[in-house]
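Please keep the model in view while working through the numbered points.

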Amino acid sequence: NSRNIPYSQMRCATRGLTALARSVSKSQWETFALAGSGRQVRWCSDKQQAADKQAAEAETETKDAPKEAEEDHLADTKTLLEEREAHISNLETANESLEEQLKELKNAYLTCKADQENTRRIAQRDIDNAKKRALKNFAKDLLEVVDNFERSVKNTPEDVKAEDSPLFPLFQGVQMTENILFKVLRKHGVEKMDITVRETEFDANWHDAITQVVVEGLREELISDVLKTGFTLNGEVLRAANVVVTLRDPALPEDAE
């Protein structure tokens with residue numbers, strides 16, 4: 001019964017209960033039976049509640065801290081990956097653009113190179129053709145000189161060709177000049193056409209038929225005489241030979257060739 005307990009003992013009991021309540025970390029409420037009393041005292045410590053709350057928050061923070069740190073790390077990693085992916089995408093786009101530019105420049109280079117090569121080839125062809133035309137025209141003009149030398153030698157009287165003739169040195173000089181002229185022409189690709197009278201067949205690509213005659217014992221389409229010598233320039237016709245072409249001798253058998 002509390003009426004029989006001195007005040008000092010009651011006070012000591014109260015202090016002991018308070019100390020006991022503070023020593024319990026997670027206590028919210030404590031029920032104590034007072035000696036000699038049927039009543040129950042419900043006691044709550046405000047300071048203990050604050051301490052418990054702080055401890056719980058600290059524990060929660062301690063538990064949540066690694067999770068938050070991990071979440072922050074994951075968020076930072078995700079952001080970094082996104083930035084790197086964006087950077088890679090930009091690099092890929094730039095690379096595609098550069099490859100397209102390189103392709104265009106390469107095509108332009110090849111086109112310019114082909115145009116340059118075509119221009120060079122055309123220019124070289126024009127130069128070669130100009131040289132050929134110039135040489136051909138010059139050689140054609142010289143052929144008239146060659147014809148005159150050839151006619152002079154061919155029509156020289158036999159007595160002048162004799163070594164004891166006073167005109168023999170002149171005839172010899174004409175021959176030497178003709179030979180030198182032929183030598184110079186051969187040096188530049190000008191050659192006489194090789195025609196054997198009564199054996200060489202007529203060819204319209206190389207010969208000009210001035211007339212046709214019947215020659216005894218000969219078939220048709222043979223060259224019986226050369227009126228003007230033909231010349232070639234580097235294997236091509238410079239001047240066709242003027243020739244006389246045979247007709248078939250009626251006296252020949254039908255199967256004669």
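1. Is Arg239 buried or exposed? Arg239 counts as buried, at 15% relative accessibility. Here buried means under 20% relative accessible area, exposed means over 50%, and partly exposed lies in between (1.4 Å probe, protein chains only).

2. Some words on the basis of this note are needed. This is a predicted model, in which local features need pLDDT of at least 70, side-chain atom pairs count only at pLDDT 80 or more, and totals for chains, interfaces and linings use all residues. Residues are numbered from 1 along each chain as its sequence is written, and side-chain values use heavy atoms, with hydrogens and water left out.

3. The protein chain contains four helices and eight strands. Helices (H or I, at least four residues) and strands (E, at least two) are DSSP runs, numbered from the N terminus. Read from the N terminus on, the order of the elements is α-β-β-α-α-α-β-β-β-β-β-β.

4. Of the 257 residues in the protein chain, 19% are buried. The accessible surface of the chain comes to about 19,700 Å², and carbon and sulfur atoms hold 53% of that surface. Accessible areas come from the Shrake-Rupley method with a 1.4 Å probe; for residues, only the protein chains shown count as cover.

5. A contact means heavy atoms within 4.5 Å.

6. The structure holds six salt bridges. A salt bridge is a side-chain nitrogen of Lys or Arg within 4 Å of a carboxyl oxygen of Asp or Glu. Side chains of opposite charge can pair when their charged atoms come close.

7. One of the salt bridges joins Arg239 to Asp147, with the closest N and O atoms 2.6 Å apart. This pair links distant parts of the chain: Arg239 belongs to strand β7 (residues 236-239) and Asp147 to helix α2 (residues 46-154), 92 residues apart. Asp147 is buried, with a relative accessible area of 2%, and Arg239 is buried as well, at 15%.

8. Glu150 is partly exposed at 22% relative accessibility, and Lys192 is partly exposed at 40%.

9. Where do Glu158 and Lys161 lie? Both are in helix α3 (residues 158-161), three residues apart, which is about one turn of the helix. The two form a salt bridge, with 3.5 Å between the closest N and O atoms. Glu158 counts as exposed, at 61% relative accessibility, whereas Lys161 is partly exposed, with a relative accessible area of 25%.

10. A patch of negative charge on the surface gathers Glu68, Glu70, Glu71, Asp72 and Asp76. Patches are made of residues with over 30% relative accessible area and no salt bridge; like charges are joined within 9 Å, and nonpolar side chains (Val, Leu, Ile, Met, Phe, Trp, Tyr) within 5 Å. Lys and Arg count as positive and Asp and Glu as negative, while His and the chain ends are not counted. The place of a charge is taken as NZ of Lys, CZ of Arg, CG of Asp or CD of Glu. Asp72 is found in helix α2 and is partly exposed, with a relative accessible area of 47%.

11. Glu221, in the loop between β4 (207-214) and β5 (223-228), has a phi near 65°, a positive value in a residue other than glycine. Glu221 is partly exposed, at 34%. Asn234 is in the loop between β6 (231-233) and β7; its phi is also positive, about 55°, although Asn234 is not a glycine. Asn234 counts as exposed, at 55% relative accessibility.

12. Which residues touch Asn242, leaving aside its neighbours within four places in sequence? Asn242 is in contact with Asp208, Ile210, Asp225, Val226, Leu227 and Lys228. Asn242 is part of strand β8 (residues 241-247) and is buried, with a relative accessible area of 18%.

13. Val226 lies in strand β5. Apart from its neighbours within four places in sequence, Val226 is in contact with Ile195, Val197, Asn242 and Val243.
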